[in-house]
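This report describes one structure in plain terms. The sequence and the model are shown first.

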Amino acid sequence: MALIKKPGTTRSIGVGRPQEDAEADPQGTTVPGAGQRTVAPVMQPGVVLQGRYAIEDTLGIGGMSVVYRGRDLRFKDVVRPCAIKEMYQSAPDSNTRLLNLKNFEREAGLLATLQHPAIPRVYDFFEEHGRVYLILELIQGKDLETVLDEAGGPLAEERVARWAVQLCEVLTYLHNQQPEPIVFRDMKPSNVMVTPDERIVLIDFGIARGLVRTRGTVIGTEGYSPPEQYKGIAEPQGDLYALGATLHHLLTASDPRTETPFTFHERPLRQLNPVVSPELEAVIEKALSYDMKTRWASADEMRQALLQTPTLRSQSGASGAAPAKGATPRGKVASTELVWRFTCEDEVRSSPHVSNGMVFIGCYDTNLYALDAGRGEFRWKYATEGGISSSPTVWNDIVIVGSEDGAVYACDLRRGTLRWTFRTGKPVRSSPRVLERVIFIGSDDQHFYAIDGLRGSQIWKYRTWMPIRSSACIAGDSVYFGGGDGFVYALNMKNGGVRWKQRTQQPVISSPAFAENMVIVGSMDYTLYALDSEGGWPIWKFRTNHYVNSSPLPFGTRVFVGSVDGCMYAIELKNGKPGWKYETGSQITSSPRIEQGRLYFGAADGCVYCLDVANGALIWRYETGGPVVSTPAISEGLVYIGSLDHAVYALRA
Amino acid sequence: MDMNESDTSGQPVDPPPAAGDDAWWSSTAGDLDGTRPLDARSVMAQSSLPPDRRPGDTEPLEELEGPRETPPAPLAIVAAAMRHIGQVRQNNQDSVYTLISSVPRDEGDATLGLFIVADGMGGHDGGEIASRLAITTIARHIIAELLAPALEGVINVSLQALVVEAVQEANRAIWDQARLTGSDMGTTCTAALLLGRSLYIGHVGDTRAYLIGPAGIHQLTTDHSAVGRLIEMGQLDPSESRDHPLRSQLYRTVGQHPEVSVDLLFQPIGDATHLLLASDGLWGCVDDDHLARIVQGIEAPNRAVRSLIEAANRAGGPDNISAVLVRLA
């Protein structure tokens with residue numbers, strides 16, 4: 001294994017710098033973690049260098065230097081504190097030692113030529129007893145990493161914006177040095193001090209250097225370093241990227257060193273901290289552009305932009321009163337247009353199916369209804385001998401639905417005349433699924449049936465231990481469904497032979513979905529399962545706070561599902577991690593449907609919801625007169641759904 | 001609905017049999033293959049079986065209910081692992097692990113495999129200790145949480161979570177040990193759990209998992225180096241990764257921080273013939289196509305693995321070389 005393999009920092013040139021978990025000290029070296037083995041030769045308090053600089057305390061020990069708090073004895077009447085940075089060499093390799101020494105000398109030489117309130121002043125530089133020392137202005141205060149740690153969360157926008165302006169100023173100063181710009185190259189919270197009066201000071205110039213436009217050594221700190229630094233390019237724009245990364249860290253408390261490099265755009269600032277203004281987010285986003293050319297052209301340009309962000313603009317008082325925060329009128333939630341409503345004689349728990357310009361839906365008044373999709377006019381109905389909670393489906397020219405009377409009915413699509421019935425022993429609450437000419441459906445009689453769609457005859461049946469209310473999912477030559485016995489079943493579609501069954505802790509009423517070799521289904525054990533479609537083993541589980549009777553809908557890289565806990569969840573297919581959730585405050589057993597980037601579902605509060613599928617933001621909400629357990633169907637810009645208020649609704653999507 | 005009332009007698013309307021119908025079910029449907037008009041009463045009769053048998057009823061089920069699925073034969077897999085010190089290093093900081101077990105299941109036994117390569121780093125003996133701790137912790141965790149219950153016929157744990165937890169537990173074990181001894185040790189770790197015909201791969205660092213099949217060699221994992229990330233973003237050419245001076249600089253390792261985020265891949269094996277786990281001492285010296293040629297050219301995994309290690313040594317063997325090769329078919 002290469003010795004270079006150390007996470008956290010790319011300062012690999014024999015510097016042996018401690019890892020990122022080490023605390024930063026106030027003067028630009030780092031204090032190694034307790035586990036650090038290297039022991040620096042620390043001088044004891046009382047030692048005096050050059051007859052002038054007395055050691056008082058150790059501030060920090062880094063990979064190649066120790067920083068002490070000291071006192072300049074030449075000022076006898078006043079206490080003039082200073083920082084004493086001592087370089088020591090631990091690297092066994094003489095080339096490395098030489099390089100280290102050069103770095104140290106460069107830092108000293110560089111600092112000596114600079115004069116800026118945000119850069120520590122150099123008082124002295126000398127060699128004594130074979131060691132090299134740098135005497136620096138002692139900066140009172142804390143570094144930003146410490147400030148962030150102590151805050152335990154994101155820092156306030158205004159405070160960070162003020163620091164950002166100061167950092168832009170000092171970067172402008174460095175970048176405008178002649179004959180060559182100086183690139184700081186290691187901007188990060190631990191290299192920025194903030195004094196008690198909120199003044200910013202850059203520390204640790206160990207690697208800042210004049211710009212030489214050739215492929216150089218890659219130096220910087222992973223997580224903050226710009227991508228081009230890995231190609232050996234160090235331009236002033238690299239400092240702006242690192243500044244952007246630093247600000248992102250301060251405003252989100254999300255440490256870029258523990259994230260995948262260059263993923264800031266995947267973790268938008270305001271998604272992690274919605275309180276940040278969009279204006280400041282935009283400034284930082286531009287600094288974090290992957291491409292150097294699309295970042296701010298200069299630190300000064302970035303500074304100008306920062307000054308226009310709300311917290312600083314309102315402070316400067318130049319512009320009129322900014323809108324007070326949180327004063328956005330919380331007006332009525334947007335609703336949508338009711339296109340038509342059709343009233344039946346009992347609750348509508350069934351979900352609509354739209355086909356051939358008609359909406360088919362079952363009702364507890366025992367009827368299967370066919371309505372005109374555009375105007376909601378009655379076309380026909382077919383009366384079964386029990387209520388209908390099963391949802392109809394259309395195959396060729398027949399509509400198929402199950403009934404509480406125990407039968408599965410097939411009616412002529414246009415006239416509603418009966419083609420065939422298939423009787424089971426108990427109510428049929430599962431909904432039919434069709435592949436080729438075979439209809440798959442479960443029954444409360446504990447059987448799962450494959451029925452010939454042309455004649456209504458049984459092809460095979462499979463017996464479980466409890467009623468089957470889940471509806472099938474067909475993928476490959478397997479058919480998947482859940483059972484009241486808590487099992488999820490995978491059967492051979494051709495003969496009903498069991499391929500696998502996987503137990504959940506409670507009955508499964510939710511209907512499975514298939515995506516990326518996974519069978520995804522909810523259970524009354526509060527969990528959404530993603531099962532290996534070939535073996536049934538749980539790949540991941542996502543736990544909600546109540547029954548998951550809603551049926552999952554995979555879409556894109558996510559799967560969407562509701563829970564009786566009141567939330568609609570967007571869950572990553574890949575790993576079962578939550579993307580977003582929307583809280584209705586009311587039970588959800590309806591299943592989501594997605595059309596044109598919008599997600600629709602109903603809830604027990606009587607509302608039909610329309611959310612932005614990307615982020616779960618509410619677009620509109622329409623209130624019906626009763627709980628909505630029906631799953632919407634969307635067609636031609638209309639959302640069809642049933643309600644327990646006995647009506648079927650067509651709403652503008 | 002008046003016009004329908006007369007039709008609710010339940011008499012099915014016989015459609016004409018579909019001509020030339022050779023749908024998949026027609027062969028298994030026996031006398032229901034569409035050649036004989038169906039009597040509605042026979043349908044009724046079918047459903048008159050007592051529907052309310054209770055759970056726990058001893059009556060056999062599937063036997064009654066038509067054909068039983070012929071269980072697919074479990075995967076006949078063979079694995080070989082090897083680690084080699086290479087030509088330059090003074091010690092071998094890599095660790096490898098393999099386990100293959102069958103798991104009994106009513107519907108046919110399944111194969112369970114666990115394959116791990118860990119590439120340790122850190123001064124003194126830290127690298128060896130870290131990589132060894134990684135494989136032992138992960139193996140112990142998976143044996144206890146998955147294999148032992150599976151032998152009892154229960155697999156109810158979330159497999160992604162299991163693999164992630166196992167690697168995180170290894171992370172804690174190494175971190176704790178490092179704090180105790182003042183070491184900076186850490187390790188890469190790529191752990192592949194095979195269950196049935198799917199792989200669950202937990203991954204931290206730059207040890208790689210490859211699937212090799214008719215379509216060639218496919219790298220499943222992404223190296224946790226800035227270089228790897230730049231390649232993933234299309235900013236560096238993959239061929240540059242072998243020579244980049246910072247290739248080995250990892251932003252994520254096992255054991256060097258109190259917490260670690262673990263990449264998890266779910267990968268059905270499909271028609272792949274081999275799974276290969278390789279430390280950077282192997283993939284850094286032997287390019288992907290060469291790896292695939294060796295693996296596909298040698299039937300026995302143990303000889304193929306030896307040949308892989310030899311190839312890396314011929315290329316200079318600058319680092320420890322480790323590989324686990326699993327023949328899946």
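## Cysteines, chain A and a helix pair

In this predicted model, A:Cys82 is buried, because its relative accessible area of 0% falls under the 20% limit. A:Cys363 is not part of any disulfide, and the nearest cysteine sulfur, which belongs to A:Cys344, lies 4.2 Å away. A pair of cysteine sulfur atoms has to be within 2.5 Å to count as a disulfide. Over all chains, a search of the whole structure gives 0 disulfides. The table lists the two buried cysteines and their accessible areas.

| Residue | State | Relative accessible area |
|---|---|---|
| A:Cys82 | buried | 0% |
| A:Cys363 | buried | 0% |

Chain A contains 8 helices and 45 strands. It has 653 residues, of which 61% count as buried. Taking the contacts in chain A between residues at least 6 apart in sequence, 48% join residues at least 24 apart.

In chain B, helix H3 (residues 126–151) packs against helix H4 (residues 159–181) at an angle of about 140°, and their axes are 8 Å apart. H3(B) is therefore oblique to H4(B). Their crossing is right-handed. On the H3(B) side, the residues that meet H4(B) include B:Ile129, B:Leu133, B:Ile138 and B:Glu145. On the H4(B) side, B:Leu162, B:Val167, B:Ala170 and B:Gln177 are among them. The residues of this contact between H3(B) and H4(B) comprise 14 nonpolar, 3 polar and 3 charged.

Technical notes: Residues numbered from 1 in each chain as written. Chains lettered and ligands numbered in written order. Predicted model: local features only at pLDDT ≥ 70, side-chain atom pairs only at ≥ 80, totals over all residues. Heavy atoms only, no water. Buried < 20%, exposed > 50% of the residue type's maximum accessible area, 1.4 Å probe, protein only. Axes fitted to C-alpha atoms, helices over the stretch in contact; angles between N-to-C directions. Helix = DSSP H or I, 4+ residues; strand = E, 2+ residues; numbered from the N terminus. Parallel < 35°, antiparallel > 145°, perpendicular 65-115°, else oblique. Left-handed = near helix turned anticlockwise from the far one by under 90°. Contact = heavy atoms within 4.5 Å. Nonpolar A, V, L, I, M, F, W, Y, C, P; charged D, E, K, R; others polar.
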